[in-house]
Amino acid sequence: MGEHSVSELVGLAADGDQGAWRELVGRYSGLVWSVARSHNLSHTDADEVSQTTWLRLVEHLGRLRDPERVGGWLAATARHESARVLRRAGREVLEDSPQEDVEFGNPEPGPEARLLESERRELLMKGLAELSDRCRRLLRVLASAPPPSYAEVSDALGIPVGSIGPTRARCLENLRRILVAQGAVPHPGGGS
Amino acid sequence: MIDSDDALLAELRDLFEAMDPVPAQVVAAAEASFTWRTIDAELAALVADSAERPLAGVRSQVGQAGPRLLTFEGQGLLVEVEIDSVGTDRRLVGQLVPPKPAEVEVRWPGGSLTRIADEVGHFTVDAVPQGPVSLVCRLADTAKPVATSWVTI
């Protein structure tokens, strides 16, 4: 299956090929989840946004104008659904508001190496929490796995492709500055 | 030379994979949604949702009082659905416009229920679980069924 292009997978799935569908889910479920979570949605709400987004794709499989860009279509649909959840809850998509509690699990304490790793993670989490909403959203989606294209990130955030590179650089610089202010090295083991 | 931006982003990717991975049941639900593929249905899009704010930037008490009203439109058919909460379930009271009889199937990720819309296009479906739903209307006078867009209720 790995040799099929994305648009071929969409075509196969539209014809009822379950394997092709599973491959699309494998490729894009991380992106869809990251879009919902970048809106500070709870696990329950992000779960619903994800389900609705994939069900929407099922009904649109044979109707996509540009099947090659199905990732962007999914990202935009997840963004609209996330905004809908926020509106229904009477919340707004705010820029630069304090972050709400995000349900991250606590890193488990372990051997020393793992402890260092978990300390580093904690620093990163704190650093992210100090970023603007705009930066946190961009980095959450950019850091989804597998790495999304800039076109997909553009659809995920509703911003022009051309603004992603500069914004990415600025947000990472802000994060690095916060980490340094916290006494952390910019990235461990990274000489520079 | 490794760009330090790329290194930091890679570190963030590891962080999110460890701390906020896609839950297994979310992936399973996405895979299972393929079950609801309809090959012959026409789509009716969501055109109005009373739970949405009418105007951007205007504050209103959304979702505070009264049942939620959804309107779908497609193929010359309006599907109007009033959503009431009954415990954790939802009760759907619907109206087809123009009024006509039909078989109405309410689908959700875990199942479906079929009810008959009467001569004046009125139907009621009880005990629909909260979450995404879609309605498929099979009209006597139309060859293809009309399926509404999926929406979370």
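Biologist: Over which ring does the charged end of Arg140(A) sit?

Modeller: A charge is said to sit over a ring if NZ of Lys or CZ of Arg is within 6 Å of the ring centre and within 35 degrees of the ring normal. Here the ring belongs to Phe16(B), and the charged end of Arg140(A) is 4.2 Å from its centre. The model is predicted: local features need pLDDT of at least 70 and side-chain atom pairs count only at pLDDT 80 or more, while totals for chains, interfaces and linings use all residues. Residues are numbered from 1 along each chain as its sequence is written, chains are lettered from A and ligands numbered from 1 in the order in which they are written, and side-chain values use heavy atoms, with hydrogens and water left out.

Biologist: How many aromatic pairs does the structure hold over all chains?

Modeller: Rings of Phe, Tyr and Trp (its six-membered ring) pair if their centres lie within 6.5 Å; planes under 30 degrees apart count as stacked, over 60 as edge-to-face and the rest as tilted. The structure holds three such pairs over all chains. One of them is stacked: Trp21(A) and Phe34(B), at 5.2 Å centre to centre with 20° between the planes.

Biologist: Where do Trp21(A) and Phe34(B) lie?

Modeller: Helices (H or I, at least four residues) and strands (E, at least two) are DSSP runs, numbered from the N terminus. Trp21(A) belongs to helix α2 (residues 18-38) of chain A and Phe34(B) to the loop between α2 (24-32) and β1 of chain B, so the pair joins two chains. Both Trp21(A) and Phe34(B) are buried, where buried means under 20% relative accessible area, exposed over 50%, and partly exposed in between (1.4 Å probe, protein chains only). Another aromatic pair, Trp36(B) with Trp150(B), is tilted, at 6.3 Å centre to centre and 55° between the planes. Trp36(B) lies in the loop between α2 and β1 of chain B and Trp150(B) in the loop between β9 and β10 of chain B, so this pair ties together parts that are 114 residues apart in sequence. Trp36(B) and Trp150(B) are both buried. Ring pairs also link Trp21(A), Trp54(A) and Phe34(B) into a cluster.

Biologist: Which residues does Ser33(B) touch?

Modeller: Contact means heavy atoms within 4.5 Å. Not counting residues up to four places away in sequence, Ser33(B) touches Trp21(A), Trp54(A), Leu55(A) and Val58(A). Ser33(B) lies in the loop between α2 and β1 of chain B and counts as buried because its relative accessibility is 3%.

Biologist: How far apart are the end C-alpha atoms of helix α3 of chain A?

Modeller: The expected span of a helix is 1.5 Å times one less than its number of residues. For the 18 residues of α3(A) (residues 43-60) this gives 26 Å, and the end C-alpha atoms are 26 Å apart, which agrees. The helix α3(A) is mostly covered, with 15 of its 18 residues buried.

Biologist: Which cysteines form a disulfide?

Modeller: A disulfide is a pair of cysteine sulfur atoms within 2.5 Å. By this rule there is one over all chains. Cys135(A) and Cys171(A) form it, with sulfur atoms 2.1 Å apart. The torsion about their S-S bond is about -75°, so the disulfide is left-handed. The pair links distant parts of the chain, 36 residues apart: Cys135(A) is in helix α6 (residues 133-142) of chain A and Cys171(A) in helix α8 (residues 161-181) of chain A. Both Cys135(A) and Cys171(A) are buried.

Biologist: Which strands does β8 of chain B join through bridges?

Modeller: Two strands pair if DSSP finds at least two bridges between them. Strand β8(B) (residues 132-139), with seven of its eight residues buried, is joined by six bridges to β5(B) (residues 102-108), running antiparallel. Glu103(B) has Arg138(B) as its bridge partner in β8(B). Two bridges join β8(B) to β10(B) (residues 151-152), also antiparallel, and there Val133(B) stands opposite Val151(B). Two bridges likewise join β8(B) to the antiparallel β9(B) (residues 146-148), where Cys137(B) stands opposite Val146(B). β8(B) and β9(B) form a hairpin with six residues between them. Cys137(B) is buried, with a relative accessible area of 0%.

Biologist: How many residues lie between β2(B) and β3(B) in their hairpin?

Modeller: Two residues lie between them, and Gln75(B) in the turn has a positive phi of about 55°. Seven bridges join β2(B) to the antiparallel β3(B) (residues 77-86), with Phe72(B) opposite Val79(B). β2(B) also pairs with β1(B) (residues 42-49) in the antiparallel sense over four bridges, with Ala45(B) opposite Glu73(B). Five of the seven residues of β2(B) (residues 68-74) are buried, so this strand is largely enclosed by the rest of the structure.
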